[in-house]
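Q: Please take a close look at one part of this predicted model. I would like the open sheet and the aromatic side chains around it, in one connected account.

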Amino acid sequence: MAGNTAKYKIITDSNKRLANITISYNKTDEGLLLDLQCSGAKIIPFTPRFGLTLETDKKYENVKYFGYGDMVNLPDFREHTLLGEYSCKVDDMREKHIKPQESSMRSGMRYAEITDNEGRGLRFEEFDSPFIFGADRFTSQQCAAAKHQEELELQDFTYLHFDAYQLGAGSAACGPPPTKKYRKNSVKGCELKLMVKPL
């Protein structure tokens, strides 16, 4: 098994060492094994997520997945969904809230495929455990900055989100906070493993 490893220090203007991340890419007989690990992180109450976002051309607009669907859900908010195989367009994954937010996520993912209209693309499979997946035509930064849905401008890219952890749906703003099972104050020790295969 041959591969490469890269190490990153995540910093912000106010915090010079927010987290230490290692990303490994290993070629196997099955495909490319992607391994994202956090070896150290600051304490951040109600840490929002841990994962990876990939950017690809907007022509990759067809999604097929096996997980909870076919509506938006999170690990603590999916009683309205069923585990199964679903297909849709990237633009149909988003829940169009009046105030924009990231809202295309699906949990319990066993695999997710993204393809163009000729069927070419990539398949991402769970390795050790199911993951959380979302696809969108807007960046996370756009969603956080916009006050109304009309302020969002479609990008010439498709953004693919893969998370090992995401904060639960509860919020002190509109109800009780997520239970301890669905929240973290640090992502130290979190790991995301995906097997990536060409289509």
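A: The charged end of Lys184 sits over the ring of Tyr165, 5.6 Å from the ring centre. A second contact of this kind involves Arg123. Its charged end sits over the ring of Tyr111, at 3.9 Å from the centre.

Now the sheet. It is open and has 4 strands, in the order β4-β11-β10-β7. The pairing is antiparallel. The edges are β4 (49-57) and β7 (106-109). Each has a single partner strand, so one side of each is left without a neighbour in the sheet. From one strand to the next, the twist averages 25°. In general, strands of a sheet pair through backbone hydrogen bonds.

Next, the pairing of β10 with β11. Strand β10 covers residues 131-136, and strand β11 covers residues 157-166. The two run antiparallel and are joined by 5 bridges. Phe133 has its bridge partner in β11, namely Phe162.

Across the whole structure, a search finds 6 aromatic pairs. One of them joins Phe124 and Phe162. The ring centres are 4.5 Å apart, with 45° between the planes. That makes the pair tilted, because stacked pairs need planes under 30 degrees apart and edge-to-face pairs over 60. Phe124 lies in strand β9 (residues 121-126), while Phe162 lies in strand β11. The pair therefore ties together parts that are 38 residues apart in sequence.

How accessible are these two rings' residues? Phe124 has a relative accessible area of 3%, so Phe124 is buried. Phe162 is at 0% relative accessibility and counts as buried. The cut-off for buried is under 20%. Both residues belong to one aromatic cluster, formed by Phe124, Phe131, Phe133 and Phe162.

Last, the cysteines. The count of disulfides is 0. For Cys38, the closest cysteine sulfur is in Cys190, 6.8 Å from the sulfur of Cys38. That is too far for a bond, because a disulfide needs sulfur atoms within 2.5 Å. Cys38 counts as buried, at 4% relative accessibility. Cys143 is in no disulfide either. The nearest cysteine sulfur to Cys143 is that of Cys88, 16 Å away. Cys143 is buried, with a relative accessible area of 3%.

Technical notes
Residues are numbered from 1 along each chain as its sequence is written. This is a predicted model: local features need pLDDT of at least 70, side-chain atom pairs count only at pLDDT 80 or more; totals for chains, interfaces and linings use all residues. Side-chain values use heavy atoms; hydrogens and water are left out. Two strands pair if DSSP finds at least two bridges between them. Axes are lines fitted to C-alpha atoms, for helices over the stretch in contact, and angles run from 0 to 180 degrees between N-to-C directions. Rings of Phe, Tyr and Trp (its six-membered ring) pair if their centres lie within 6.5 Å; planes under 30 degrees apart count as stacked, over 60 as edge-to-face and the rest as tilted. Buried means under 20% relative accessible area, exposed over 50%, partly exposed in between (1.4 Å probe, protein chains only). A charge sits over a ring if NZ of Lys or CZ of Arg is within 6 Å of the ring centre and within 35 degrees of the ring normal.
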